Amino acid sequence: MPRPVIFGHATRLIGQGIRYASKFRGGGSAFPGLFMERLDPGFVERELSALPRGVVVVSGTNGKTTTTKMAVQLLESQGLKVFTNRTGSNFVRGVAAALLGEMNLKGELDADIAVLELDEAHAVHFVKMVQPKYSLLLNVMRDQLDRFGEIDTTRKMLTQVARATTGTVVLNREDPRIRRISQDVEDGTEVAYYGLSEGLRSRFPSDDEMRDNRTPQQAENLPEASVALTSFEGTRTHLMIGDREVTTDINLYGIYNIYNAAGALALTLEIMGEDADEAALLAELSKVTPAFGRGESVRVGDRSLQLLLVKNPAGFRLSLASATGKDYATMITINDEYADGRDVSWLWDVDFESLQHGGVDVVSGTRAYDMALRLEHDDVPVRAVNTDLPSALDEFVRGSGDKPMRVFCTYTSMLALRRELAKTTEVADIG
């Protein structure tokens, strides 16, 4: 039996009150969403189904947060009002909490379209409630296998997202598991691709290519990409849109973020169609800044400190490849809480030899000694191991000389580092 409207209003107002109180206390951003899930389970479906431009789902193992941020900014550059789960809480309850934060007291959401970052497993649950009009599927990597099982299980989850999509599915052409999802979409749903030039494929290996040293597939075997990354020098980036080359600057740390920009651009072009303002899109790409913890840079005195989230071998390797150990003072913090993945054996699939010359200044986190042992096996010098994160951060900053600083960190250690840094410098609010 449907809930009385007045009950729904009351529940929403209570949820908004909890949301405000949680934010005022400095945390617990998903708790108001959990409250709404239990007391008004139709809340998310009801609100998002009313959006005139529909819902976009961004999912995959790596790059969801930054790619979602890029897609939001690109759509806003086209004049659309976009709702998104900005805190990076990518479960359904996180979407509910974000809705509570964006709605006014009358329960009105001022948005044309929703662009949502969703965890692979929770995306399956979400699309049963709300069918996305568009989806962007990034990659399948071996990530937190103690949570999701084998890699093909993750592919099956993303396939369910694609099958629920009613408009267009945008796929990463270079990931064979993602590319094959095109065979499973429903009749009437369009498929588009983003990809790489042949000369760049070796720099962005798929999971199988990385693990088995396979040669990347040749261009003639692959479908045409609506947007393809062709080359980049520093921040200067060259892309093919159809048969035309365009150039822009992308000021994000990590070559994988440059590739994700091609995905965000391909998605936006599908949504906007003939109304797309290409010049505005390219200009906006140059303005995108990193999402929190994804190459986010904060000022510590007169130096910069970058936070680099690492979750799996592929992401860690690509982060390491973005700059040499000589260029930065380096800290690594590894936790094994549920949100990180309890099994840290994946660290043994990462090649740390690029750190041999510069070394690692400090290793910290609950699994600091596991990380230090792994570095020792690759002959990487470690100057200090300190499991207490606050004092380890202080030791790192004081002992890193005049170099810019970078910290490779798992999810919960990244949150803890942000809290510590916020005590002495400006750190962006994440809700």
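Accessible area, as used here, comes from the Shrake-Rupley method with a 1.4 Å probe. On that basis the protein, which is a predicted model, exposes about 18500 Å², and carbon and sulfur atoms supply 48% of that area. Of the 431 residues in the protein, 57% are buried. The secondary structure comes to 16 helices and 14 strands, and among the contacts with a separation of 6 or more, 73% are made by residues 24 or more positions apart.

A look at individual side chains can begin with glutamate 117, which is found in strand β3, a strand that covers residues 113-117. The relative accessible area of glutamate 117 is 3%, and because buried means under 20%, this residue counts as buried.

Charged pairs come next. Side chains of opposite charge can pair when their charged atoms come close. In this model the count comes to 17 salt bridges, and one of them joins the side chains of lysine 81 and aspartate 110, with a distance of 3.2 Å from N to O. Lysine 81 lies in the loop between α4 (64-77) and β2 (82-84), while aspartate 110 lies in the loop between α5 (92-102) and β3, so this pair ties together parts that are 29 residues apart in sequence.

Another setting is found around glutamate 174. Arginine 173 forms a salt bridge with glutamate 174, the closest N and O atoms lying 2.9 Å apart, and both arginine 173 and glutamate 174 are buried. Arginine 201 also forms a salt bridge with glutamate 174, in this case with the closest N and O atoms 2.8 Å apart. This second pair links distant parts of the chain, given that arginine 201 sits in the loop between β6 (190-196) and α10 (207-212) and glutamate 174 in the loop between β5 (168-172) and α9 (176-179), 27 residues apart. Arginine 201, like glutamate 174, is buried. Elsewhere among the charged side chains, Asp152, Arg155 and Arg177 are joined into one network by salt bridges that share partners.

Note on methods
Residues numbered from 1 in each chain as written. Predicted model: local features only at pLDDT ≥ 70, side-chain atom pairs only at ≥ 80, totals over all residues. Heavy atoms only, no water. Helix = DSSP H or I, 4+ residues; strand = E, 2+ residues; numbered from the N terminus. Buried < 20%, exposed > 50% of the residue type's maximum accessible area, 1.4 Å probe, protein only. Salt bridge = Lys/Arg side-chain N within 4 Å of Asp/Glu carboxyl O. Contact = heavy atoms within 4.5 Å.
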